Amino acid sequence: MSDCLFCKIVAGEIPAEKLYEDDDTLAFWDIAPQAPKHFLVIPKKHIVGPSDLIKEDDALAGKLFRIAAKVAAEQDIDSFRVVVNDGAEAGQVVFHMHMHILGGRPMNWPPG
């Protein structure tokens with residue numbers, strides 16, 4: 001999608017501090033971190049949000065979690081929170097599915 005911020009990052013049109021990349025996924029540091037260590041994991045395929053996943057995306061959805069754990073370990077994040085917002089009322093601002101991985105401090109509950 002030509003106007004999607006994360007699609008532009010995937011295409012290399014907008015720089016990002018990448019932590020991991022393969023054919024299907026990309027992980028990079030969040031530009032407005034909400035924790036001492038805060039990165040995003042996205043599918044390279046444009047999917048608006050979790051509600052738009054289709055059966056053919058099942059393996060990709062699982063892979064996102066595996067990559068999140070891999071990158072967290074590589075960044076010495078022992079415990080982390082995964083946040084996925086689905087829709088504007090849930091706090092989604094960029095409408096390309098993404099996982100926030102937050103760590104580096106104790107997390108409070110409830111989150112919001």
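Reader: Which residues make the nonpolar surface patch of about 310 Å²?
Author: In this predicted model, local features require pLDDT of at least 70 and side-chain atom pairs pLDDT 80 or more, while totals for chains, interfaces and linings use all residues. Residues are numbered from 1 along each chain as its sequence is written, and side-chain values use heavy atoms, without hydrogens and water. Patch members have over 30% relative accessible area (1.4 Å probe) and no salt bridge (Lys or Arg nitrogen within 4 Å of an Asp or Glu carboxyl oxygen), nonpolar side chains being joined within 5 Å. The nonpolar patch of about 310 Å² is formed by F65, F80, V82 and V84.

Reader: Why is strand β3 largely enclosed by the rest of the structure?
Author: Strand β3 covers residues 37-43. It is largely enclosed because, of its 7 residues, the number that are buried (under 20% relative accessible area, 1.4 Å probe) is 6.

Reader: What is the bridge partner of T25 in β3?
Author: Strand β2 (residues 25-29) runs antiparallel to β3, and 5 bridges join them (pairing requires at least two DSSP bridges). Within β3, the residue bridged to T25 is P43.

Reader: Which residue in β5 does F39 stand opposite?
Author: β3 also pairs with strand β5 (residues 99-103), in the antiparallel sense and over 5 bridges. In β5, the residue opposite F39 is I101.

Terms used. Buried means under 20% relative accessible area, exposed over 50%, partly exposed in between (1.4 Å probe, protein chains only). Helices (H or I, at least four residues) and strands (E, at least two) are DSSP runs, numbered from the N terminus. Patches are made of residues with over 30% relative accessible area and no salt bridge: like charges are joined within 9 Å, nonpolar side chains (Val, Leu, Ile, Met, Phe, Trp, Tyr) within 5 Å.
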